[in-house]
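Please look over the sequence and the model before reading on.

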Amino acid sequence: MLIKIKNLRLYTIIGVFDWEQNIDREIIINAEITTNFTKSLHSDDLSDAIDYDQIILKIKNLVANNRFKLVEKMAQTLMDAVLEDQRISKCKLEIDKVGVVENVDSFSITIEQENK
């Protein structure tokens with residue numbers, strides 16, 4: 001089963017330059033979470049599902065409570081948090097940093113990792 005989180009929009013301070021440390025920057029997070037944990041398909045019970053609301057809350061808290069210079073470091077930190085749930089077999093995570101360069105909507109990186 002594939003769980004998708006689309007266009008989670010958050011604001012955070014991120015960047016390597018001094019001026020970036022004083023402004024909130026919009027980021028957009030997309031995730032594709034792969035799992036074989038499919039009990040909820042038959043039970044209709046939240047306890048048999050991967051609670052995407054909890055994943056989103058974990059991501060929001062990490063972004064709000066940490067300062068990152070690089071989008072790459074942010075992505076790996078979020079990836080590690082998502083993959084703490086052993087029912088998740090793989091995650092693909094994309095983070096867009098909006099308004100970084102003039103005339104460019106966003107800069108993004110994508111990482112993908114399997115759970116060990």
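The model shown here is predicted. In soluble globular proteins, nonpolar side chains tend to be buried together. Here, the largest nonpolar core contains 29 residues, and the members that touch the most others are Ile29, Ile33, Ile55, Ile59, Leu78 and Ile95. Two or more residues of this core come from each of strand E1 (2-12), strand E2 (25-35), helix H2 (52-65), helix H3 (71-82) and strand E3 (88-98). The greatest contribution is that of H3, which supplies seven residues.

When neighbours within four places in sequence are set aside, Ile95 is in contact with Ile27, Ile28 and Ile29, with Val71, Met74, Ala75 and Leu78, and with Phe107, Ser108 and Ile109.

Which residues of H3 are buried? They are Val71, Met74, Ala75, Thr77, Leu78, Met79, Ala81 and Val82. The elements covering these buried residues include the helix H2 and the strands E1, E2, E3 and E4.

Attention now passes to the loops. Asp44 is located in the loop between helix H1 (40-43) and H2. Although Asp44 is not a glycine, its phi is positive, at about 60°. Is Asp44 buried or exposed? Asp44 counts as exposed because its relative accessibility is 75%, where the cut-off for exposed is over 50%.

Asn103 lies in the loop between E3 and strand E4 (106-114). Asn103, a residue other than glycine, has a positive phi near 70°. With a relative accessible area of 76%, Asn103 is exposed.

The last topic is empty space. Rolling a probe the size of a water molecule over the atoms shows where empty space is left. The largest pocket holds about 180 Å³ of space. Its lining consists of 13 residues, and those nearest the centre of the pocket are Val16, Phe17, Glu20, Lys97 and Val100. What classes of residue make up this lining? Seven of the lining residues are nonpolar, five are charged and one is polar.

Terms used: Residues are numbered from 1 along each chain as its sequence is written. This is a predicted model: local features need pLDDT of at least 70, side-chain atom pairs count only at pLDDT 80 or more; totals for chains, interfaces and linings use all residues. Side-chain values use heavy atoms; hydrogens and water are left out. On a 1 Å grid over the protein atoms alone, a cavity is a set of points where a 1.4 Å probe fits but cannot get out, and a pocket is an open set with protein on both sides within 12 Å along at least five of seven lines; lining residues have an atom within 4 Å of a point. Grid points are joined across faces, edges and corners, and a volume is the space filled by probe spheres set on the points. Ala, Val, Leu, Ile, Met, Phe, Trp, Tyr, Cys and Pro count as nonpolar, Asp, Glu, Lys and Arg as charged, and the others, Gly among them, as polar. A nonpolar core is a set of buried Ala, Val, Leu, Ile, Met, Phe, Trp, Tyr and Cys residues joined through side-chain atoms within 4.5 Å. Buried means under 20% relative accessible area, exposed over 50%, partly exposed in between (1.4 Å probe, protein chains only). Helices (H or I, at least four residues) and strands (E, at least two) are DSSP runs, numbered from the N terminus. Contact means heavy atoms within 4.5 Å.
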